[in-house]
Amino acid sequence: MTVTAAGAGVVGTRLLRREDPALLSGEARYVDDLAVPGALHLVMVRSPHAHARIVSVDLEAARSMPGVVAAFSGVDLAGQWAAPMPCAWPVTEDMVSPPHYPLAVEETAYVGDGVAVVVAATRAQAQDAAAAVDVAYEVLPAALDLEEAAADRVAAHSALASNRSYTWELTPDPAAVERAFAEAAVTVSERYVQQRLIPAAMEPRGVCVVPQPFGGELVVYSATQIPHILRTMVGVTAGVPESRLRIVAPAVGGGFGSKLNVYAEELLCVVLARTLRRPVRWNEERSEGAVATIHGRGQVQTIELAADADGKVTAVRARILADMGAYHQLVTPGIPILGAFLYHGVYDVAAYSFECIGVFTNKTPTDAYRGAGRPEATYAIERAIDALGRRLGLDPVEIRRRNFIAPERFPYTSSAGLVFDSGEYARALDMALELAGYGDLRAEQARRREHGDRRLLGIGLSSYVEMCGLAPSRVLASLRYAAGGWEAATVRMLPTGKVQVVSGASPHGQGHVTSWSMIVADKLGVSPEDVEVLHSDTALSPFGMDTYGSRSLSVGGTAIAMAADRVVDKARLLAAHQLECAPEDLELHGGELAVKGSPTRSVAMGQLAFDAFTAHDLPEGMEPNLEASVTFDPTNFTFPFGTHVAVVEVDTETGRVDLVRYTAVDDCGNQINPLIVDGQVHGGIAQGVGQALWEEAVYDAAGNLLTTGLGDYLVPSACELPSFTVGRTVTPSPSNPLGVKGIGEAGTIASTPAVVNAVIDALAPLGVTDLDMPVTPERVWRALEGAARSGAGIPTSEGGAA
């Protein structure tokens, strides 16, 4: 798609992504593509045991092998660290966090924990030498089951008195909760398991550190979502002044939260490049990444609902066991807290209680994975609201309608303490039902049941709300988060009329270049092709809080829009000086500032940029050049919402589940580029469906990860998914000038409960009302067999399973 007229209003159009030609043609440069002469290759030696004491590390054979430059144990490098690896979210004052170093010194705590490192001239030589490192271990009992670990049956760390890291509670009015449950006409109590997930980004992690010949600067190329945060944390951990660190994130092939971290390999490459005065690089292999990159989810959830006889929910009480894994990574403890405020979902609930216990296990650390706490919360409440509907004989649509927060209640102060910005939940539900053909689906479902069809139809709903645009900074401070929620941007109009945008947000597939150029094009009256977007390099963009939590547009995009407005304001002052009129008498149209009512009295923005550059005739006190910088700190989170409808066929003889139709209606406020919105929703749905039906990180009884490759860890492809039907409602957010909300995680948040609810909807008449994820054929078949033996089939209510 091309823009035929500058400033013709590109925001809101389906402009093709400017990034894609390079990505699709192979011209994009990822970390492993970088040609760095003389670079040494780093390979990690990792523990094969879930929990073990390190008796000795013998490096002599490895050091003598061809091409090997150096080999180090954790003891050898212990003096290199100014601090342990960072955890930026100590959620409680008394949170326990065992010191975590890039290489273990005394004890390993999970399979994949680093114990030594080899550096050689080639990757193959480093791999051969790593295999020659002889480590003697004393194997210790491992804490693998989350609930048993919480009960301290086995210690995950010998030095800790308990496996419990913290207890975090949110119960604004305990008496109201107790009263609501005591007076409830009906209650439901549900237990759900959020299995561990492996992020499996298309590009595995990689890092290359290049020491500069003069001044001691280190240039760190990393496949990271957070170049600015990484710079700060590398400085703190490795003791390198930030002024001597330049972090560059080249093309990054997906992250989904897994690259929102500071990893051992990044820190090791930094200290070894500094020590050896040679470039040092490391690239992850797929099976290595399964244990060395964080995992997502990992929870056992108990959620209780209290309701009156009509199904109106009066209280929600949630209790969560959250698997930290062996250590805290960058924001591990805070991930469950991101969902802590949302276990009542889109429903008007008067009383609320939440408790989370963080527990250490001898598994790979967990951390942010697409949605980060919000999918877990949505899954619990959307499964539970269906359970309440079944108890009362109400269709899933009706139980939701009776509990939605009404549009006139916004801005809505929830019982958990958040202020929801805007919402029309019923409107999104109505559109989703219409697009899905809900009435016809229910009729087809009833027909199959009546005829005893082995392939039963299930229809599942999920109505969600999420909080994103991670901000404002003061609220984050109250949650003990170490960083702020602001974002920085600079917009400059060059003397030739072209535009440069410098963004603190760092894309890894979101389409920032396209979206940012569209915003600025409309603001300045230029074509998007005339806007260059600079990002992901701390030398070009010294300040930023980076990309995660669907914050890029609502925080970073707003900062860019505000900076562009300031450029126009400055240009207006210069134009008023030239045209001898008041600045307020000028309006911007078609790339020109013209006097209202006298369009012939005008001056082009490009001419004003050149005049500001020459500075020959500026108003008194005006500085040369058209440039402005903004740091935007929002007043509130944003709250996207929507309803998704999943339709499945379940084969009652084999247990096979097929997703045959999927409808998604999302409200992300105003849309900059609906094409990008569609893409984000499509990808998010695929990941959420993956959790529901296929994906699970499986460990054996000794703590070995069994699903280390894509042959064992089942990531869905287009072949397993139907085409998606998508729709939008638009409810602008009042929390930012663009009225935007965020869309990157919506599909993942909504789709998992929609699919599982659909499976339960199909099977409930046969007595199956709960299944753990992923809902594999074996689990379905076993559940059906168990229900048949117990005679647990239950009747259906009109329009749905009871």
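**Exercise 1. Where is S162 found, between which two elements?**

Solution. Residues are numbered from 1 along each chain as its sequence is written. The model is predicted: local features need pLDDT of at least 70, side-chain atom pairs count only at pLDDT 80 or more, totals for chains, interfaces and linings use all residues, and side-chain values use heavy atoms, with hydrogens and water left out.

Step 1. S162 sits in the loop between α5 (146-150) and β7 (164-170). Helices (H or I, at least four residues) and strands (E, at least two) are DSSP runs, numbered from the N terminus.

Step 2. The relative accessibility of S162 is 24%, so S162 counts as partly exposed. Buried means under 20% relative accessible area, exposed over 50%, and partly exposed in between (1.4 Å probe, protein chains only).

Step 3. The side chain of S162 makes a polar contact of 2.9 Å with the side chain of D152. A polar atom of the S162 side chain also lies 3.1 Å from the backbone nitrogen of R164. A polar contact is a pair of N or O atoms within 3.5 Å; within protein, one must be able to donate a hydrogen and the other to accept it, and residues adjacent in sequence count only if both atoms are side-chain atoms.

Step 4. From S162 to F360 the separation is 198 residues in sequence and 8.7 Å in space, C-alpha to C-alpha.

**Exercise 2. Which residues touch the most other members of the largest nonpolar core?**

Solution. Step 1. A nonpolar core is a set of buried Ala, Val, Leu, Ile, Met, Phe, Trp, Tyr and Cys residues joined through side-chain atoms within 4.5 Å.

Step 1. The largest such core has 163 residues, and W168, Y343, F354 and F420 touch the most other members. Helix α20 (residues 746-763) supplies the largest share of this core, 11 residues.

Step 2. Apart from this core lies another, of 49 residues, with I519, V520, A576 and A609 among them.

Step 3. Leaving aside neighbours within four places in sequence, the contacts of F420 include L342, I405, F410, Y425, V465 and F639.

**Exercise 3. Describe the interface of domain 1 and domain 3.**

Solution. Step 1. The assignment, automatic or from a database, gives domain 1 (34-140 + 200-292), domain 2 (141-199 + 295-403), domain 3 (425-462 + 639-802) and domain 4 (486-632).

Step 1. The C-alpha centres of domain 1 and domain 3 are 39 Å apart. Each side gives nine residues to the contact.

Step 2. Buried area is the accessible area (1.4 Å probe) that two parts lose on being put together, summed over both. For domain 1 and domain 3 this area is about 620 Å², with 65% from carbon and sulfur atoms.

**Exercise 4. How many salt bridges does a search of the whole structure find?**

Solution. Step 1. A salt bridge is a side-chain nitrogen of Lys or Arg within 4 Å of a carboxyl oxygen of Asp or Glu. The search finds 48.

Step 1. One of them pairs E147 with R191, with the closest N and O atoms 2.8 Å apart. E147 is in helix α5 and R191 in strand β8, so the pair ties together parts 44 residues apart in sequence. E147 is partly exposed at 34%, and R191 is partly exposed at 39%.

Step 2. R374 pairs with E466 at 3.7 Å between the closest N and O atoms. R374 is in helix α11 (residues 374-392) and E466 in the loop between β18 (455-465) and α15 (473-478), 92 residues apart. Both R374 and E466 are buried.

Technical notes:
Contact = heavy atoms within 4.5 Å.
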